[in-house]
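The entries below follow the order in which I looked things up.

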Amino acid sequence: MSTEKVYPMTKEGKAKLENELEQLKSVKRKEVVERIKIARSFGDLSENSEYDSAKEEQAFVEGRITTLENMIRNAKIIQEDEMNSDTVSLGKSVTFIELPDGEEETYTIVGSAEADPFEGKISNDSPIAKSLLGHKINDKVTVQTPGGEMSVKITNVQ
């Protein structure tokens with residue numbers, strides 16, 4: 001018997017996934033069905049690139065809907081009161097300085113379902129987050145990255 005993967009996330013992250021799911025079900029799914037209907041009207045389906053493209057998009061949309069439903073069903077909301085205030089944990093923003101050059105970076109550690117590096121949100125499964133979790137302000141941590149080791153000093157947790 002396999003157990004379902006748990007997706008830790010913030011309330012905001014879950015709400016974002018629920019909104020995306022609703023958009024896919026209520027709008028995108030209907031748009032794709034309409035594209036398929038129009039493409040069928042062009043005749044011979046064996047050489048109909050519009051039909052093939054619409055069917056591929058339909059498969060993608062249905063796959064994403066299934067994925068989102070699974071993530072939402074297995075979501076574990078991160079509770080504020082479960083978090084120690086000065087320890088790096090899920091849902092917290094952590095600022096650190098790369099040693100020795102002192103380049104400062106700030107990331108919020110979130111569950112994999114809501115990770116978005118362009119918004120400064122990294123997955124708790126990422127090498128940086130795995131190395132930082134459980135550490136406190138002023139701790140020096142060695143991070144194993146695909147590009148090699150880097151040392152950092154945690155300067156702030158909030």
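This is a predicted model: local features need pLDDT of at least 70, side-chain atom pairs count only at pLDDT 80 or more; totals for chains, interfaces and linings use all residues.

Entry 1. I noted that the crossing in which helix 1 passes helix 2 is left-handed. I then looked up the residues of this contact, which divide into 14 nonpolar, 2 polar and 14 charged.

Entry 2. I turned to the span of helix 2. With 25 residues at 1.5 Å a residue, helix 2 should span 36 Å, and its end C-alpha atoms are 36 Å apart, which agrees.

Entry 3. Which residues of helix 2 are buried? I found Tyr51, Ala54, Val61, Ile65, Leu68, Asn70, Met71 and Ile72. I also looked up what covers the buried residues of helix 2, and this includes strand 1 (7-9), helix 1 and strand 2 (75-77).

Entry 4. I then examined Asn48, which has its place in the loop between helix 1 and helix 2. Is Asn48 buried or exposed? Its relative accessibility is 3%; buried means under 20%, so Asn48 counts as buried. Leaving aside neighbours within four places in sequence, I found Asn48 in contact with Ala39, Phe42 and Gly43. Last, I looked up Asn48 and Ile38, which are 10 residues apart along the chain, and their C-alpha atoms are separated by 11 Å.

Note on methods. Residues are numbered from 1 along each chain as its sequence is written. Side-chain values use heavy atoms; hydrogens and water are left out. A crossing is left-handed if the near helix is turned anticlockwise from the far one by less than a right angle, and right-handed if clockwise. Helices (H or I, at least four residues) and strands (E, at least two) are DSSP runs, numbered from the N terminus. Ala, Val, Leu, Ile, Met, Phe, Trp, Tyr, Cys and Pro count as nonpolar, Asp, Glu, Lys and Arg as charged, and the others, Gly among them, as polar. The expected span of a helix is 1.5 Å times one less than its number of residues. Buried means under 20% relative accessible area, exposed over 50%, partly exposed in between (1.4 Å probe, protein chains only). Contact means heavy atoms within 4.5 Å.
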